[in-house]
Amino acid sequence: MSKKRKKQPVALADKIILPLLAAAVVCSGLMVKNYKKIIVNRQYSDILAMDVIYNNIFINNVEVAGLTKDQAREKLERELQQGKFEKYTVNLQIPDGGTNDVIAITYKECGMKYNFEPELTEAYEYGRTGKDAQRRAVIDELENAGKFFTSEYSYDKEMITEAVKKHESEINAHLLNNEKMDVEKTVEMIEGILDIDARDSGVEVPVK
């Protein structure tokens, strides 16, 4: 039969050191936790202080995150406005004409343009209202689901009328039986195409 060992008495030094070590481990864990918290708070402080649009924000599907309002405006102008409206057209088909009897009127001639300012303001202000904790929650949510804004475009009826009238004589020269292009209805048809942004679509010129 094996003999039970007698428990050795714990030295006084160990009685002191062991609790101190345990306390040190706990303190160390708290320090790491607090350190991480400090780092996170420092990062958030930097983010909250940034003068740029926050992450994962789009205007008309163009990402504007990390940009100042001026930089975002320049990007939107460059990617959505400059050089684009000169290429998009509404094509006027001359009645009873062939496939080549088409007159193109560009979006630019129609005064088409975007107004980005309201959406730029909304995009910049997103995540900047409320207390810091509320702002952090919004910024965190942006990582999971982006925020999308849509800028509206407009056109100028007077410019459309002017563009149509430039081609009035040319179109009338192709018409038979003393028919004349109905300028007013043509303008209305072009407006209908612009309303739905049916770029490069064609309409048959109405006559009277």
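Predicted model: local features only at pLDDT ≥ 70, side-chain atom pairs only at ≥ 80, totals over all residues.
**Entry 1**

I began with Phe-85, which is buried at a relative accessible area of 5%; I take buried as under 20% relative accessible area, exposed as over 50% and partly exposed as in between, with a 1.4 Å probe and protein chains only. Residues are numbered from 1 along each chain as its sequence is written, and side-chain values use heavy atoms, with hydrogens and water left out.

I then searched the whole structure for aromatic pairs and found eight. For this, rings of Phe, Tyr and Trp (its six-membered ring) pair if their centres lie within 6.5 Å; planes under 30 degrees apart are stacked, over 60 edge-to-face, and the rest tilted. Phe-85 and Tyr-114 form a stacked pair, because their ring centres are 5.8 Å apart and their planes meet at 25°. Phe-85 lies in the loop between helix H2 (69–81) and strand E3 (89–93), and Tyr-114 in strand E5 (residues 113–114), so this pair ties together parts 29 residues apart in sequence. Helices (H or I, at least four residues) and strands (E, at least two) are DSSP runs, numbered from the N terminus. Tyr-114 also counts as buried, at 15% relative accessibility.

I looked next at Tyr-88 and Tyr-107, whose ring centres are 5.7 Å apart with planes at 75°, so the pair is edge-to-face. Tyr-88 is in the loop between H2 and E3, and Tyr-107 in the loop between strand E4 (102–106) and E5, so parts 19 residues apart in sequence are tied together. Both Tyr-88 and Tyr-107 are buried. Ring pairs join Phe-85, Tyr-88, Tyr-107, Tyr-114, Phe-116 and Tyr-153 into a cluster.

I also checked for charges over rings (NZ of Lys or CZ of Arg within 6 Å of the ring centre and within 35 degrees of the ring normal). Arg-199 lies over the face of Tyr-88, 3.9 Å from the ring centre. Arg-128 lies over the face of Tyr-54, at 4.5 Å from the ring centre.

**Entry 1: Helix H7**

I examined helix H7 (residues 183–195), whose 13 residues reach 18 Å from first C-alpha to last, close to the expected 18 Å; the expected span is 1.5 Å times one less than the number of residues. Its buried residues are Val-183, Thr-186, Val-187, Ile-190, Glu-191, Ile-193 and Leu-194. Viewed down the axis of H7, they fall within an arc of 160°, so they line one face of the helix; the arc is taken over directions from the helix axis to the C-beta atoms. The cover over these residues includes E3, E4, strand E7 (153–154) and helix H5 (157–166).

At the N-terminal end, Asp-182 caps H7, with a side-chain oxygen 3.3 Å from the backbone nitrogen of Glu-184. Just after H7, Asp-197 takes a positive phi of about 55°.

**Entry 2: Gly-111**

I located Gly-111 in the loop between E4 and E5 and found it buried, at 14% relative accessibility. Beyond its neighbours within four places in sequence, Gly-111 is in contact with Ser-154, Tyr-155, Asp-156 and Met-159, contact meaning heavy atoms within 4.5 Å. Gly-111 and Ile-160 are 49 residues apart in sequence, yet 7.4 Å apart in space, C-alpha to C-alpha.

**Entry 3: The whole chain**

How values were computed. Polar contact = N/O pair within 3.5 Å; in protein donor to acceptor, adjacent residues only side chain to side chain.
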